[in-house]
Amino acid sequence: MASTLGRRLVACLLNVSEARRKHLVETVASAAVYHSEGVRRDNTTVLNIFNDHDYNRSVITIVAPLENISEAVLSACEKACLLFDMRQHVGVHPCMGAVDLVPFYPLGEEVGVQDCAEQARAVARGLTDRVPGAAAFLFGWADPLQRGLAQRRKDMGWFKKSVDIEKIRADVGPLPQRRFGLTGVGASPYVMNCNVTIDTQDLVVGREIASAIRESAPGGLPGVQVLALPHEGAVEIACNVESVKGSPPSRWSDPWPSFSVDGQLYCHAPASLIAGRVAELAARQDVSVKGTALVGFTPRECRTLAELALSQGIAEFWREQRRIRM
């Protein structure tokens, strides 16, 4: 059993615009951990694949030491661009690229801000070099202006119902081609996805709840960016839960998990708080909550599972996790 002591681990939660052909998504995940000739990559694992049929979007959790992560992610991105065509994509979740989002997150104090920023910029350059016609925008620590993902998506028109992708000026690469679309590449403190489904088909109700809990609203939850989307005959309050600087707020009873990067303390809103707030707001409109789903892991869970997978030499952990004793 190999030791993970001293490994500078980085996670990438790769978002691809495909979920209905799961075998192709798994092919992309396998490209992260195996070379084209089938030889396993060193010290690399895929912890999880989350597929959403209605969104037609999958999130692939790739973890490796700093020196290994960019090549693993690039190989997965290349494979996705080969297999997925944005001209044929249909789904209710907003997206702009076959590879829609490539975020890098440090897993522990051993990896710093600049480390992740450099990996993100290298992947943006590598993707546009290896896939002619691919284009990328930068966000977070990788962006020279340090703009967050929500702002960069707004800049690119990600939230609009209709965008002429070929007129967008990318940060890296040529004008985007419709086949590949536009890929967001960046780095930041860890971001979770917490989705709460409410028992209604009324999007107006969902949007009112989303507006009340997002960070920018009075009394909103710090670090929470929200969309209300139709999902499996109901409405899903889909939350990006960004980690925010500083100590956990004291005005909520739920404990806020915390961690540090480059000596800076960060914390993130717990899923229990988000679910509780959504339930409270929904109840005011006589709507109940059907369920809550955490896409992937918390930062601590991600680190713990990655150390387990790498110490046991498990490349495709998503296939093995149910049989492994934690």
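1. Let's start with alanine 11: at 0% relative accessibility, this residue counts as buried (under 20% relative accessible area, with exposed being over 50% and partly exposed in between, using a 1.4 Å probe and protein chains only). Alanine 11 sits in strand E1, residues 9–16. Strands here are DSSP runs of E with at least two residues, helices are runs of H or I with at least four, and both are numbered from the N terminus.

2. A quick word on what you're looking at: this is a predicted model, where local features need pLDDT of at least 70, side-chain atom pairs count only at pLDDT 80 or more, and totals for chains, interfaces and linings use all residues. Residues are numbered from 1 along each chain as its sequence is written, and side-chain values use heavy atoms, with hydrogens and water left out.

3. Not counting residues up to four places away in sequence, alanine 11 touches Ile62, Val63, Pro103, Phe104, Tyr105, Leu107, Tyr190 and Cys302; contact means heavy atoms within 4.5 Å. Take leucine 107: it is 96 residues from alanine 11 along the chain, yet their C-alpha atoms are separated by 6.7 Å.

4. Now look at threonine 197, in strand E7 (residues 191–198). Threonine 197 has 14% relative accessibility, so it counts as buried too. Leaving aside neighbours within four places in sequence, its contacts are Ala234, Val235, Glu236, Val289, Lys290 and Gly291.

5. How do things look for the whole chain? It has 8 helices and 13 strands. The radius of gyration, taken over C-alpha atoms, is 19 Å, close to the 20 Å from the globule rule (2.2 Å times the number of residues to the power 0.38) for 326 residues, so the chain is as compact as a globular protein of that length. Buried residues make up 57% of the 326. Among contacts between residues at least 6 apart in sequence, 70% join residues at least 24 apart.

6. Finally, have a look at the second largest pocket, with about 300 Å³ of space. A pocket is an open set of points on a 1 Å grid over the protein atoms alone, where a 1.4 Å probe fits, with protein on both sides within 12 Å along at least five of seven lines; lining residues have an atom within 4 Å of a point. Of the 16 lining residues, the closest to the centre are Ser258, Phe259, Thr298, Pro299 and Arg300. Strand E11 (258–261) and helix H7 (299–311) are the elements that give two or more residues to this lining.

Methods. Points joined across faces, edges and corners; volume = space filled by probe spheres on them.
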